[in-house]
Each structure stands twice: as structure tokens, then as C-alpha cells.
Amino acid sequence: MLLKIIICFLAGMGAGLGTGFAGMSAAAVISPMLITFLGIPAYEAVGIALASDVLASAVSAYTYKKNKNIDVKNGVIMMIFVLLFTLVGSYIAKLVPNTTMGNFSMFMTVLLGIKFIVKPVMNTKEKMNSVSNRNRIIQSVICGTVIGYICGFIGAGGGMMMLLILTTVLGYELKTAVGTSVFIMAFTALTGSVSHFAIGGMPDITTLILCIVFTLIWARIAAKFANKASPKTLNRATGVILLILGIAVISVNMFAK
């Protein structure tokens, strides 16, 4: 029982910090930890991770919304196309033999961490808001389609893909990018967790509750800090967190082999 609490705490801390700082999916951290150290089946571990992501992303989104660092209108448009094309990508992936890119999310996390440290996102809200509503809607549709298809096809990296595209392609200011990302992730995680539990049944309740609570606590802490930090500090903090989490998850997966 003590081992379970320790692993869930560490997994929840990593997932919560990743969610609150960078809109990262909890599944990227929690799943490999539960599979490797607690021997939980992969499908069940992903379900627990997605369930943990729901409240963590929701409370993070609320914190960003309270600080006016979220784009709800375009976030909803993007979310619809992310969910739709995740299904399309998943279907096509089944038709393509031997297509596996399971390490995509881990290495992308490391690369994004380095990117935020070396080349921080210094977009301003003024520059972000200079884009016309029509163009922003078109961009949201296109980017939601691309993110959803990639996530469905390779099965990972949703939060990271969103953060990357929101900051580099759509020119979002970092706080607004993370706020919009966690807003979308709350709904995608809810959809994913419900489908996992409906198909595979309820997981170990103790592990589920521990992961949800610890992820929620650390996501709340990270989101509050992120919204008060200066852009430069936030870029560095986000980069360091992503870099550490990426290396940690890669190490866990190597340990499992």
C-alpha cells in the first residue's frame, strides 16, 4: 500500500505540474509509472490517467480563465475538430499495419522543454488579438483537424501538439496557449476516460482516487504559479518541467524494458 501511495504521488506530481504549466496530458506521465512500478495493465493505466486529467485540466482551466488567460470561443471550435479527427485518425491507424510511434510524446516533451528554455515564447496578447476573427476561426479548424488526426493516428501527444501549434502556428501568448490547451484537454480527457471505463470496466479504485487527488493538487499549484509569473520566468519554468518530465518518462520506459 505504501508503494502504491508513493508511486501515485510521484505520478500525480509530475502529471499535475505538466498540466498546470504546459497543458500536458497526464497520460504521458501517469500511464508508464503505473504500468512499470505497480504492474497495472496498460489499458487500465491509460483510463486512470485520463480520469486524473479531467479535474486537473478543469481546475487549471478555471485558474487561467479567472486570470483572463484563455480563448474559450476558438478553443471550443478547435476542440470539436480535435475530437472528430481523433476518431478519424484512430480508424485509419487500424488500417495501417506496423505503425507504432509510442515514443513520440516522450521525445516531443523533451524537445519542447529545450525549446522553451533556449527560445522562449514572447508573443504578446496585443499581437495575438490582432488576428481577425475569421482568420482565427479558420486557423482553429485547420489546427484542430491536424492535432486530432495525429493524436488519433499515433495515440499520444495531444497536449504537447496543442501547445506547440498554439504558440508557434497561431501565435498565442504562452499563458493563453496553456489555458486554452487545458480547457480543451478537460473535455478530451473526459471523453477518453468514460470510453475506457465503459469498455474495460472500472479500474482499481484506490489507485484511481490517489492519482486524481495528487494530480489535482499539483495542477492547482502549478496553474496558480504560472498565472502570476512573468513571461520569461514562465518560459523557463515550463521548459525545465517539460525537460525533467520527458527525461523521467523515457527513463521509466527504459527501466521497464
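**Close-up 1. Two phenylalanines, Phe183 and Phe187, sit together in helix α9.** They are 4 residues apart, about one turn of the helix. Helices here are DSSP runs of H or I with at least four residues, numbered from the N terminus. The ring centres of Phe183 and Phe187 are 5.4 Å apart and the planes stand at 75 degrees, so the pair is edge-to-face. For reference, rings of Phe, Tyr and Trp (its six-membered ring) pair if their centres lie within 6.5 Å; planes under 30 degrees apart are stacked, those over 60 are edge-to-face, and the rest are tilted. Phe183 is buried, with a relative accessible area of 15%, whereas Phe187 is partly exposed at 38%. Buried means under 20% relative accessible area, exposed means over 50%, and partly exposed lies in between (1.4 Å probe, protein chains only).

A word on the model: it is predicted, so local features need pLDDT of at least 70 and side-chain atom pairs count only at pLDDT 80 or more, while totals for chains, interfaces and linings use all residues. Residues are numbered from 1 along each chain as its sequence is written, and side-chain values use heavy atoms, with hydrogens and water left out.

**Close-up 2. Phe9, Phe214 and Trp218 form one aromatic cluster.** The structure has 5 aromatic pairs by the ring rule. One of them joins Phe9 and Phe214 edge-to-face, at 5.2 Å centre to centre with 85 degrees between the planes. Phe9 belongs to helix α1 and Phe214 to helix α10, so this pair ties together parts that are 205 residues apart in sequence. Phe9 is partly exposed at 31% relative accessibility; Phe214 is buried at 17%.

**Close-up 3. Asp204 and Lys4 meet in a salt bridge.** A search of the whole structure finds 1 salt bridge, defined as a side-chain nitrogen of Lys or Arg within 4 Å of a carboxyl oxygen of Asp or Glu. Here the N to O distance is 3.1 Å. The pair links distant parts of the chain, 200 residues apart: Asp204 is in the loop between α9 (174-200) and α10 (205-228), and Lys4 is in helix α1 (residues 2-22). Both partners are partly exposed, Asp204 at 30% relative accessibility and Lys4 at 21%.

**Close-up 4. Leu111, Ile114, Ile117, Val118, Val240 and Ile244 make a nonpolar surface patch.** Together they have about 550 Å² of accessible area, from the Shrake-Rupley method with a 1.4 Å probe, where only the protein chains shown count as cover for residues. Patches take residues with over 30% relative accessible area and no salt bridge, joining like charges within 9 Å and nonpolar side chains (Val, Leu, Ile, Met, Phe, Trp, Tyr) within 5 Å. Helices α5 (104-118) and α11 (231-256) each supply at least two of the residues, and α5 gives the most, with 4. Leu111, in helix α5, is exposed at 59% relative accessible area.

**Close-up 5. Lys68 has a positive phi of about 60 degrees although it is not a glycine.** Most residues other than glycine have a negative phi. Look for Lys68 in the loop between α3 (42-66) and α4 (72-95), where the residue is exposed with a relative accessible area of 70%.

**Close-up 6. Cys211 is in no disulfide.** The nearest cysteine sulfur, that of Cys8, is 3.7 Å away, while a disulfide is a pair of cysteine sulfur atoms within 2.5 Å. By this rule the structure has 0 disulfides. Cys211 is buried at 0% relative accessibility, and Cys143 is buried at 7%.
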